Amino acid sequence: MAKVFSFILVTTALTMGREISALEDCAQEQMRLRAQVRLLETRVKQQQVKIKQLLQENEVQFLDKGDENTVIDLGSKRQYAEDYTLKIDLADFEKNSRYAQYKNFKVGDEKNFYELNIGEYSGTAGDSLAGNFHPEVQWWASHQRMKFSTWDRDHDNYEGNCAEEDQSGWWFNRCHSANLNGVYYSGPYTAKTDNGIVWYTWHGWWYSLKSVVMKIRPNDFIPNVI
(Lines give C-alpha, C1' and ligand atoms only; values in the text may rest on other atoms or scores of the structure.)
Protein backbone atom coordinates (compact mmCIF):
# COMPACT_ATOMS: atom_id res chain seq x y z
CA MET A 1 0.00 0.00 0.00
CA ALA A 2 2.85 2.34 0.88
CA LYS A 3 4.46 1.66 -2.49
CA VAL A 4 1.21 2.48 -4.29
CA PHE A 5 0.83 5.70 -2.30
CA SER A 6 4.44 6.71 -3.07
CA PHE A 7 3.85 6.02 -6.75
CA ILE A 8 0.75 8.23 -6.74
CA LEU A 9 2.67 11.08 -5.04
CA VAL A 10 5.51 10.87 -7.55
CA THR A 11 3.10 10.77 -10.47
CA THR A 12 1.17 13.76 -9.11
CA ALA A 13 4.35 15.74 -8.55
CA LEU A 14 5.56 15.03 -12.08
CA THR A 15 2.18 16.00 -13.53
CA MET A 16 2.07 19.25 -11.54
CA GLY A 17 5.65 20.02 -12.56
CA ARG A 18 4.78 19.59 -16.22
CA GLU A 19 1.70 21.82 -15.80
CA ILE A 20 3.71 24.56 -14.06
CA SER A 21 6.37 24.36 -16.74
CA ALA A 22 3.69 24.58 -19.44
CA LEU A 23 2.15 27.64 -17.74
CA GLU A 24 5.55 29.33 -17.56
CA ASP A 25 6.17 28.56 -21.23
CA CYS A 26 2.73 29.94 -22.08
CA ALA A 27 3.39 33.17 -20.15
CA GLN A 28 6.73 33.64 -21.87
CA GLU A 29 5.12 33.03 -25.26
CA GLN A 30 2.43 35.64 -24.49
CA MET A 31 5.11 38.19 -23.56
CA ARG A 32 6.99 37.42 -26.77
CA LEU A 33 3.84 37.82 -28.88
CA ARG A 34 2.90 41.09 -27.17
CA ALA A 35 6.38 42.46 -27.91
CA GLN A 36 6.01 41.42 -31.55
CA VAL A 37 2.59 43.10 -31.77
CA ARG A 38 4.00 46.36 -30.35
CA LEU A 39 6.87 46.23 -32.83
CA LEU A 40 4.49 45.60 -35.73
CA GLU A 41 2.21 48.47 -34.63
CA THR A 42 5.22 50.81 -34.56
CA ARG A 43 6.30 49.68 -38.02
CA VAL A 44 2.78 50.12 -39.41
CA LYS A 45 2.64 53.71 -38.09
CA GLN A 46 6.04 54.44 -39.61
CA GLN A 47 4.94 53.00 -42.95
CA GLN A 48 1.76 55.09 -42.86
CA VAL A 49 3.83 58.25 -42.35
CA LYS A 50 6.17 57.23 -45.18
CA ILE A 51 3.25 56.52 -47.53
CA LYS A 52 1.70 59.90 -46.72
CA GLN A 53 5.01 61.67 -47.39
CA LEU A 54 5.43 59.84 -50.71
CA LEU A 55 1.89 60.76 -51.77
CA GLN A 56 2.56 64.40 -50.94
CA GLU A 57 5.85 64.37 -52.85
CA ASN A 58 4.08 62.73 -55.78
CA GLU A 59 1.46 65.44 -55.90
CA VAL A 60 4.01 68.25 -55.65
CA GLN A 61 6.05 66.75 -58.49
CA PHE A 62 2.92 66.35 -60.59
CA LEU A 63 1.71 69.90 -60.00
CA ASP A 64 5.17 71.22 -60.82
CA LYS A 65 4.61 69.98 -64.37
CA GLY A 66 2.09 72.77 -64.80
CA ASP A 67 -1.25 71.02 -65.09
CA GLU A 68 -3.01 72.68 -62.16
CA ASN A 69 -6.50 71.55 -63.18
CA THR A 70 -5.77 67.84 -63.00
CA VAL A 71 -6.76 66.02 -59.81
CA ILE A 72 -4.73 63.11 -58.50
CA ASP A 73 -6.61 60.38 -56.68
CA LEU A 74 -4.95 60.18 -53.26
CA GLY A 75 -7.70 58.24 -51.58
CA SER A 76 -10.30 59.76 -49.29
CA LYS A 77 -8.94 63.32 -49.49
CA ARG A 78 -6.23 65.35 -51.13
CA GLN A 79 -3.13 66.06 -49.10
CA TYR A 80 -2.83 69.84 -48.94
CA ALA A 81 -1.04 72.10 -46.45
CA GLU A 82 -4.57 72.95 -45.16
CA ASP A 83 -3.95 70.31 -42.35
CA TYR A 84 -0.55 71.54 -41.04
CA THR A 85 1.01 72.99 -37.89
CA LEU A 86 3.28 76.03 -38.18
CA LYS A 87 6.26 76.44 -35.86
CA ILE A 88 8.31 79.65 -35.87
CA ASP A 89 11.76 79.54 -34.26
CA LEU A 90 13.14 82.97 -33.28
CA ALA A 91 16.58 84.06 -32.06
CA ASP A 92 17.98 87.43 -30.99
CA PHE A 93 21.51 88.85 -30.89
CA GLU A 94 21.90 88.06 -27.19
CA LYS A 95 21.81 84.29 -27.85
CA ASN A 96 18.25 83.93 -26.60
CA SER A 97 15.63 81.89 -28.43
CA ARG A 98 11.86 81.59 -28.39
CA TYR A 99 9.22 79.86 -30.47
CA ALA A 100 5.59 80.29 -31.50
CA GLN A 101 3.44 77.42 -32.75
CA TYR A 102 0.04 77.48 -34.44
CA LYS A 103 -2.25 74.56 -35.15
CA ASN A 104 -4.25 74.35 -38.39
CA PHE A 105 -1.96 76.65 -40.36
CA LYS A 106 -3.42 77.36 -43.80
CA VAL A 107 -2.53 79.61 -46.72
CA GLY A 108 -5.17 80.29 -49.37
CA ASP A 109 -4.70 79.89 -53.09
CA GLU A 110 -3.72 82.52 -55.63
CA LYS A 111 -7.26 83.76 -56.30
CA ASN A 112 -7.63 84.43 -52.54
CA PHE A 113 -4.26 86.19 -52.47
CA TYR A 114 -2.71 83.55 -50.20
CA GLU A 115 -4.93 84.43 -47.24
CA LEU A 116 -3.44 83.47 -43.87
CA ASN A 117 -5.36 81.30 -41.39
CA ILE A 118 -3.94 80.20 -38.05
CA GLY A 119 -5.39 78.14 -35.22
CA GLU A 120 -4.54 77.73 -31.56
CA TYR A 121 -1.27 79.29 -30.36
CA SER A 122 1.31 77.76 -28.03
CA GLY A 123 4.89 78.71 -27.31
CA THR A 124 7.27 81.07 -25.52
CA ALA A 125 7.49 84.06 -27.88
CA GLY A 126 3.93 85.33 -27.46
CA ASP A 127 1.13 85.38 -30.01
CA SER A 128 2.09 88.16 -32.39
CA LEU A 129 0.29 86.74 -35.43
CA ALA A 130 -3.17 86.86 -33.83
CA GLY A 131 -2.42 90.23 -32.25
CA ASN A 132 -4.46 89.40 -29.17
CA PHE A 133 -1.85 90.63 -26.68
CA HIS A 134 -4.16 93.62 -26.09
CA PRO A 135 -7.87 93.81 -27.05
CA GLU A 136 -7.62 97.46 -28.10
CA VAL A 137 -5.02 96.78 -30.78
CA GLN A 138 -6.16 93.41 -32.11
CA TRP A 139 -8.37 94.98 -34.78
CA TRP A 140 -5.32 96.43 -36.54
CA ALA A 141 -2.48 94.20 -35.28
CA SER A 142 -3.94 90.77 -36.09
CA HIS A 143 -2.66 88.97 -39.18
CA GLN A 144 -5.46 86.41 -39.08
CA ARG A 145 -7.24 86.12 -42.47
CA MET A 146 -5.05 88.80 -44.00
CA LYS A 147 -4.06 88.52 -47.63
CA PHE A 148 -0.43 88.62 -48.68
CA SER A 149 0.73 92.07 -49.76
CA THR A 150 3.73 93.20 -51.80
CA TRP A 151 4.71 96.69 -52.94
CA ASP A 152 2.80 96.18 -56.21
CA ARG A 153 -0.09 94.10 -54.76
CA ASP A 154 -1.58 96.01 -51.82
CA HIS A 155 -4.12 93.91 -49.85
CA ASP A 156 -3.74 95.42 -46.37
CA ASN A 157 -6.25 97.49 -44.36
CA TYR A 158 -4.00 100.52 -44.21
CA GLU A 159 -4.71 103.73 -46.14
CA GLY A 160 -1.13 103.61 -47.36
CA ASN A 161 0.91 100.64 -48.56
CA CYS A 162 2.44 98.62 -45.70
CA ALA A 163 4.57 96.47 -47.99
CA GLU A 164 6.07 99.54 -49.62
CA GLU A 165 6.68 101.38 -46.34
CA ASP A 166 8.13 98.33 -44.56
CA GLN A 167 10.04 97.14 -47.64
CA SER A 168 8.80 93.56 -47.51
CA GLY A 169 6.04 91.18 -48.51
CA TRP A 170 3.84 89.94 -45.66
CA TRP A 171 0.30 89.39 -44.40
CA PHE A 172 -0.05 93.02 -43.37
CA ASN A 173 -3.05 94.52 -41.57
CA ARG A 174 -2.49 98.15 -40.42
CA CYS A 175 0.48 97.33 -40.59
CA HIS A 176 1.82 94.58 -38.30
CA SER A 177 2.68 93.10 -34.93
CA ALA A 178 4.91 90.55 -36.68
CA ASN A 179 6.99 90.94 -39.82
CA LEU A 180 9.45 88.14 -40.44
CA ASN A 181 10.39 89.39 -43.91
CA GLY A 182 11.63 92.75 -42.64
CA VAL A 183 14.92 94.55 -43.15
CA TYR A 184 17.89 92.90 -41.40
CA TYR A 185 19.22 95.11 -38.62
CA SER A 186 21.51 94.10 -35.75
CA GLY A 187 19.04 94.17 -32.87
CA PRO A 188 17.75 97.61 -31.77
CA TYR A 189 17.27 99.98 -34.70
CA THR A 190 15.79 103.31 -35.73
CA ALA A 191 14.01 103.93 -39.00
CA LYS A 192 11.08 105.87 -40.46
CA THR A 193 8.86 102.80 -39.95
CA ASP A 194 9.13 99.62 -37.88
CA ASN A 195 10.50 97.71 -40.86
CA GLY A 196 12.88 95.33 -39.07
CA ILE A 197 12.46 91.60 -38.51
CA VAL A 198 9.82 92.04 -35.83
CA TRP A 199 8.02 89.78 -33.38
CA TYR A 200 6.29 92.35 -31.16
CA THR A 201 5.36 90.13 -28.21
CA TRP A 202 9.00 89.23 -27.62
CA HIS A 203 11.14 92.29 -28.46
CA GLY A 204 8.67 94.96 -29.56
CA TRP A 205 8.63 96.87 -32.84
CA TRP A 206 12.10 98.42 -32.61
CA TYR A 207 14.24 95.32 -32.28
CA SER A 208 15.17 93.33 -35.36
CA LEU A 209 15.75 89.62 -34.72
CA LYS A 210 18.91 87.78 -35.69
CA SER A 211 17.19 84.75 -37.23
CA VAL A 212 13.76 83.28 -37.85
CA VAL A 213 12.72 79.89 -39.23
CA MET A 214 9.17 79.00 -40.26
CA LYS A 215 8.54 75.24 -40.30
CA ILE A 216 5.42 73.23 -41.10
CA ARG A 217 4.46 69.62 -40.57
CA PRO A 218 1.21 67.61 -40.67
CA ASN A 219 -1.03 67.94 -37.60
CA ASP A 220 -1.06 64.14 -37.28
CA PHE A 221 2.70 63.81 -37.65
CA ILE A 222 4.19 60.74 -35.94
CA PRO A 223 7.92 60.98 -35.09
CA ASN A 224 9.98 58.28 -36.77
CA VAL A 225 11.27 56.77 -33.55
CA ILE A 226 12.33 53.11 -33.37
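Modeller: The mean pLDDT of the chain is 82, and 76% of the residues reach 70 or more; pLDDT is the predictor's confidence in each residue, from 0 to 100. This is a predicted model, in which local features need pLDDT of at least 70 and side-chain atom pairs count only at 80 or more, while totals for chains, interfaces and linings use all residues. Residues are numbered from 1 along each chain as its sequence is written, and side-chain values use heavy atoms, with hydrogens and water left out.

Biologist: Which elements have the lowest and the highest mean pLDDT?

Modeller: Helix 1, residues 2-63, has the lowest at 67, and strand 8, residues 207-208, has the highest at 98. Over residues 66-81 pLDDT stays under 50, and the model has 19 contacts beyond four places in sequence for that stretch. Contact means heavy atoms within 4.5 Å.

Biologist: What makes a run of residues a helix or a strand?

Modeller: Both are DSSP runs numbered from the N terminus: a helix is H or I over at least four residues, and a strand is E over at least two. By that rule the chain has four helices and nine strands. Their order from the N terminus is α-β-β-β-β-α-α-β-β-β-α-β-β.

Biologist: How do you know that strand 1 pairs with strand 2?

Modeller: Two strands pair if DSSP finds at least two bridges between them. Strand 1 and strand 2 are joined by seven bridges and run antiparallel, so they meet the rule. One of the positions is aspartate 89, whose bridge partner in strand 2 is tyrosine 99. The two strands form a hairpin with five residues between them, and lysine 95 in the turn has a positive phi of about 65 degrees.

Biologist: Which strand is paired with strand 1 over eight bridges?

Modeller: That is strand 9, residues 211-218, also in the antiparallel sense. Lysine 87 stands opposite lysine 215 in strand 9.

Biologist: Why is strand 1 called mostly covered?

Modeller: Six of its eight residues are buried. Buried means under 20% relative accessible area, exposed means over 50%, and partly exposed is in between, with a 1.4 Å probe and protein chains only. In the chain of 226 residues, buried residues make up 30%.

Biologist: Why is arginine 98 called partly exposed?

Modeller: Its relative accessibility is 31%, which is between the limits of 20% and 50%, so the label is partly exposed. Arginine 98 lies in strand 2. Leaving aside neighbours within four places in sequence, its contacts are Ile88, Asp89, Leu90, Thr124, Ala125 and Trp202.

Biologist: What makes a group of residues a nonpolar core?

Modeller: The members must be buried Ala, Val, Leu, Ile, Met, Phe, Trp, Tyr or Cys residues, joined through side-chain atoms within 4.5 Å. The largest such core has 25 residues, and Ile88, Leu90, Tyr102, Leu129 and Trp199 touch the most other members. Strand 1 (84-91), strand 2 (97-107) and helix 3 (162-166) each supply at least two of its residues. In soluble globular proteins, nonpolar side chains tend to be buried together.

Biologist: How do you know that cysteine 162 and cysteine 175 form a disulfide?

Modeller: A disulfide is a pair of cysteine sulfur atoms within 2.5 Å. The S to S distance here is 2.0 Å, so the pair qualifies. Cysteine 162 is in helix 3 and cysteine 175 in the loop between helix 3 and strand 5 (178-179), 13 residues apart. The angle about the S-S bond is -90 degrees, and the link is left-handed. The count by this rule is one disulfide.

Biologist: Are these two cysteines buried or exposed?

Modeller: Cysteine 162 has a relative accessible area of 0% and cysteine 175 has 12%, so both are buried.

Biologist: Why is the pair of tyrosine 185 and tyrosine 189 called stacked?

Modeller: Rings of Phe, Tyr and Trp (its six-membered ring) pair if their centres lie within 6.5 Å; planes under 30 degrees apart count as stacked, over 60 as edge-to-face and the rest as tilted. Tyrosine 185 and tyrosine 189 have 4.4 Å centre to centre and 5 degrees between the planes, so the pair is stacked. The rings of tyrosine 200 and tryptophan 205 are 3.9 Å apart at their centres with planes at 35 degrees, so that pair is tilted.
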